[in-house]
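Subject: Structure handover

Hello,

Here is the structure that I promised to pass on.

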Amino acid sequence: MYFPFYIARRYAVSLSKNSAINIITIISSVAIVASAMSLFVFLSIFSGLRDFTLSYSNSSDPDFKITAKTGKSFVLNKEEEVKLKSTKKIIRFSKIIEDRVLFKYNNKEQIASIKGVDSFYVNVTKINNYVYVGNWIASNTKEAIVGSEIARKLSLGLFDYQHSLEVFSPKPGSGLIESNESAFNIIGLQPVGMFNINEDIDNKYVFCDIEIARKLFGFKQNQISSIEIKKDSIVSDEVIIAELQNIFKNKVEIRTKVQLNDSLYKMLNSENLFIYLFSTLVVILTLFCLAGAIVMIIIDKKENINTLYNIGLTFKEIRNVFFIQGVMITVIGLLFGILLGCLLVVLQQQFSILMITATIAYPVKFDILNILLVIGTIIPLGLLSSWIASGRVNKEILK
C-alpha cells in the first residue's frame, strides 16, 4: 500500500486528542455533504421546472415549421407535396394558413391571429389535449376553437347561435372605403371549444378549418402560410433539415422547435447558468472551510510530521498525506451528499411532498447528467483546496 495513503487513511478515521480539531473536521465534512446535496437538488428542481415550462409551449409547437423566406405565403406544388408524403423520416405534416385579423363578438372587438388547419394538425401537435371546454373542430365546417384569453376579452360563449364570431380581414386594393363589405372579407365562425395552454398562446390564436382561412384571405388552392411537421424521433434534426432543403430547393425557411422558442430557451439557459454559478459559489466557500480544517490538522500533527520527516519521508510525501486526507473527506462527503439529494428528489417524484397548487406537485427531474455535473464541480474544487492546504507542510512546520 502507498505509505502516504496508509497514513492519510489512519488520520481520516481516527480522532484527534484536540476536540476543537475534531469539531472543525466534522463541520467541514457535513458542509461538503450539504453543499453536494443542495447543488444536486437545485439542479434537479430547475430541470423539473424547465420541462414543466417547455411542456406547455411544446404542446402547440411542431418539430419543424416551414415558412416563406419572403412574404407571408408560398406555393406548395404537387411534386413537393408528394415528396413530403413519401419520406419515411416525417411521420405527419399539416398545411397552415394564418394571419392577424379582427374578431368581433356581440359588439366587442379583439385583434388576434386566426390559424386555419387541416385534419392532420392534431397528429402534428398535442393542442387538442388542451381543449378544456367543447370539442376540436370538424373538417369543412365553420367551427372554431378559441384561446381562453380571447374568449374572456370578448365575453364569448360556446354554441351561441344568436351571435357568431365575426372575422374581418382587410381586402387588398386602393381607393375610398365606403363600407365594411368593401374594405374587409368577413366570415362568421361558430365557437365550439376553448383551449388553455399559456397566456401568450391563449391570447394569440383562434383555430378554424383551413378552407375557411383560404376563403378569408383569398388564397389559391395550393397557397399556404406554413407547413408544420412531426418527425420520426430517432432521426436527427440535421437529417430532416437536409431532406427538407432537398425537397424545397432552399426556397423556404426551416425552423426547429428550439428555434421557434429561441427567446424562451435562452432565458431558461441563462437561469440555469445563474443557479449553477450561485450553487458553485456555496461549494467553493464550503471547500475553503475544508482547506482550513486540513491546515488545523497539519498544525495539530506537527510532532507526527517531524517523526515522519526523521524516518525518511520527503516533504512531498508528507504533503501527499494531507492532500489524500482532504480528497478522502471530499469524496466521502460528495457520495453522501448525492445519495441524500437523490433520496429527496425521488421522494418528491413519488409522494409529491411539496405542492405548487392543490393538484400540481413541485416539478423535479432525476437526471444522471446533474449527478455528473455535481461530481465534476466538487471533485476539482476539492482537489484544489486540498492541494493548497497541504502546501502548509514545509520546513517552517518543523521549527
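This is a predicted model: local features need pLDDT of at least 70, side-chain atom pairs count only at pLDDT 80 or more; totals for chains, interfaces and linings use all residues.

Residues are numbered from 1 along each chain as its sequence is written, and side-chain values use heavy atoms, with hydrogens and water left out.

A word on names: helices (H or I, at least four residues) and strands (E, at least two) are DSSP runs, numbered from the N terminus.

Helices H11 and H13

Helix H11 covers residues 262-300 and helix H13 covers residues 315-351. Their axes come within 10 Å and cross at roughly 140°. An axis here is a line fitted to C-alpha atoms, for helices over the stretch in contact, and angles run from 0 to 180 degrees between N-to-C directions. H11 is therefore oblique to H13. The cut-offs are: under 35 degrees roughly parallel, over 145 roughly antiparallel, 65 to 115 roughly perpendicular, and the rest oblique.

The crossing of H11 and H13 is right-handed. A crossing is right-handed if the near helix is turned clockwise from the far one by less than a right angle, and left-handed if anticlockwise. On the H11 side, the contact (heavy atoms within 4.5 Å) is made by Leu287, Leu290, Ile294, Ile297 and Ile298. On the H13 side are Phe322, Gln325, Gly326, Ile329 and Thr330. An α-helix has 3.6 residues a turn, so residues three or four places apart point the same way. The residues of the contact of H11 with H13 divide into 7 nonpolar, 3 polar and no charged. In this scheme Ala, Val, Leu, Ile, Met, Phe, Trp, Tyr, Cys and Pro count as nonpolar, Asp, Glu, Lys and Arg as charged, and the others, Gly among them, as polar.

How far apart are the end C-alpha atoms of H13? They are 54 Å apart, which agrees with the 54 Å that its 37 residues should span at 1.5 Å a residue. The expected span is 1.5 Å times one less than the number of residues. Just after H13, Ser352 takes a positive phi of about 50°.

Helices H3 and H9

The axes of H3 (residues 78-86) and H9 (residues 237-248) come within 9 Å and cross at roughly 155°, so H3 is roughly antiparallel to H9. This crossing is right-handed. Glu80, Lys83 and Leu84 of H3 meet Leu244, Ile247 and Phe248 of H9. The contact residues of H3 and H9 comprise 4 nonpolar, no polar and 2 charged.

Single residues

Glu303 is in helix H12 (residues 302-310). Glu303 has a relative accessible area of 66% and is exposed; buried means under 20%, exposed over 50%, and partly exposed in between (1.4 Å probe, protein chains only).

Asn107 has a positive phi of about 75° although it is not a glycine. Asn107 sits in the loop between strand E3 (90-105) and strand E4 (108-117), and is exposed at 69%. Asn140, in the loop between strand E5 (131-134) and strand E6 (143-147), has a positive phi near 60°.

Is Asn261 buried or exposed? Asn261 counts as buried, at 13% relative accessibility.

Regards
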